[in-house]
Amino acid sequence: MHGEQRYDGRAARVQATMLTLAVIALIMPAAYGAIVPDAQPQLDPISAWIAVALLLVYVANVAYTLMASRAIRARKPGVTDETAADLHHAHQAPQWSPRKALIVLAAVSLGIIWLSEILVGAVEPASEELGLSDAFTGVFVLAVIGGAAEQATAIVAARQNRMDLAMSIALGASVQLALLVAPLLVLLSYVIGPHPMGLVFGPGLVLTILFSVLITGQIASDGRTDWLRGVQLLAVYLILAAVFFYVPDVSGAK
């Protein structure tokens, strides 16, 4: 519909680099566990240190993004202080107090947690009825359903040719999961979990994430996209889905 679409390649490269960092954080514990015998006692503190490092990098990324956004606005030509002030007051939305914003954020977070529990409870029996493996359900079915809102928003933004927003949503969601949610779960497991959570995943999952990040970095690095690149990404997705679809359950219950 729009032919070749363009976006800020530098911002996309920053997000792709963040995903590459997350892949490194996943590969190293798995490699340590494969090389060092009886490595389990050491993997928990290694995972904790990696989680702290990822959280620090995520905070630095947020700070860098905010500073870069301010610098870009300050460099816009033809906008005087009076014009900028008029535009600011013309488009300024009603401001919430910090207390109201925190209450709304907490309520929305609790609602999302509640809906997530309902979603998982509904998907598990449905996947059993359809004969889907736990690996395919966890990696693909839950990922697609859980990220449906973000994916729909990114698609709508792309159809409106707002590719900077579409790429920010598509890549930013993965960055948040890899560098914010996962490290927080690791650290919280020391407080509320029965045992510490490690960042150690099987070789199949690590390779899947590695290949996904590699092709994402190649496609998103030059600041342009077209329908062929979409076909290439969908092909990788279908290849990985086909493999996980035939992964048998370890329990052998199906």
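These are my notebook entries on a predicted model of a single protein structure.

**Entry 1: the overall layout**

I began with the secondary structure and found 9 helices and 2 strands in the protein chain. Reading along the sequence, I wrote down the pattern β-α-α-α-α-α-α-α-α-β-α. Next I looked up burial: of the 254 residues in the protein chain, 23% are buried. The chain exposes about 17100 Å², and carbon and sulfur atoms supply 69% of that area. I also checked how far apart contacting residues sit in sequence. Among contacts with a separation of 6 or more, 77% are between residues 24 or more positions apart.

**Entry 2: the nonpolar cores**

Which residues have the most contacts inside the largest nonpolar core? I found Tyr7, Met167, Val175 and Leu179, in a core of 22 residues. Helix H1 (9-35), helix H2 (40-74), H7 and helix H8 (203-220) each supply at least two residues of this core. H7 gives the most, with 7 residues. I then picked out Met167 and listed its contacts beyond four places in sequence: Tyr7, Gly172 and Ala220. Apart from this core lies another, of 6 residues, including Leu132, Phe140, Leu240 and Ala241. A reminder to myself: in soluble globular proteins, nonpolar side chains tend to be buried together.

**Entry 3: the end of helix H7**

I moved along to Ser189, whose place is in helix H7. Is Ser189 buried or exposed? I have it down as buried, because its relative accessibility is 8%, under the 20% cut-off. Its side chain reaches the backbone nitrogen of Met197 at 2.8 Å. Leaving aside neighbours within four places in sequence, I noted contacts from Ser189 to His195, Pro196 and Met197.

Leu188 also has its place in helix H7, which spans residues 163-192. Leu188 is partly exposed, because its relative accessible area is 42%.

**Entry 4: the salt bridges around Arg224**

My search of the whole structure turned up 5 salt bridges. One of them pairs Arg224 with Glu4, the closest N and O atoms being 3.2 Å apart. Arg224 lies in strand S2 (residues 224-225) and Glu4 in the segment before strand S1 (5-6), so the pair ties together parts that are 220 residues apart in sequence. Arg224 is partly exposed, with a relative accessible area of 26%, and Glu4 is partly exposed at 40%.

What else does Arg224 meet in a salt bridge? I found Asp222, at 3.3 Å from N to O, and Asp226, at 3.7 Å from N to O. Asp222 counts as partly exposed at 37% relative accessibility, and Asp226 counts as partly exposed at 24%. Salt bridges that share partners join Glu4, Arg6, Asp222, Arg224, Asp226 and Arg229 into one network.

**Entry 5: a look at Ile145**

Last, I looked up Ile145, and its place is in helix H5 (residues 134-146). I put Ile145 down as partly exposed, because its relative accessibility is 40%. Not counting residues up to four places away in sequence, Ile145 touches Leu119 and Val123. I also checked Val120: Ile145 and Val120 are 25 residues apart in sequence, and their C-alpha atoms are 10.0 Å apart in space.

Key:
Residues are numbered from 1 along each chain as its sequence is written. This is a predicted model: local features need pLDDT of at least 70, side-chain atom pairs count only at pLDDT 80 or more; totals for chains, interfaces and linings use all residues. Side-chain values use heavy atoms; hydrogens and water are left out. Helices (H or I, at least four residues) and strands (E, at least two) are DSSP runs, numbered from the N terminus. Buried means under 20% relative accessible area, exposed over 50%, partly exposed in between (1.4 Å probe, protein chains only). Contact means heavy atoms within 4.5 Å. A nonpolar core is a set of buried Ala, Val, Leu, Ile, Met, Phe, Trp, Tyr and Cys residues joined through side-chain atoms within 4.5 Å. A polar contact is a pair of N or O atoms within 3.5 Å; within protein, one must be able to donate a hydrogen and the other to accept it, and residues adjacent in sequence count only if both atoms are side-chain atoms. Accessible areas come from the Shrake-Rupley method with a 1.4 Å probe; for residues, only the protein chains shown count as cover. A salt bridge is a side-chain nitrogen of Lys or Arg within 4 Å of a carboxyl oxygen of Asp or Glu.
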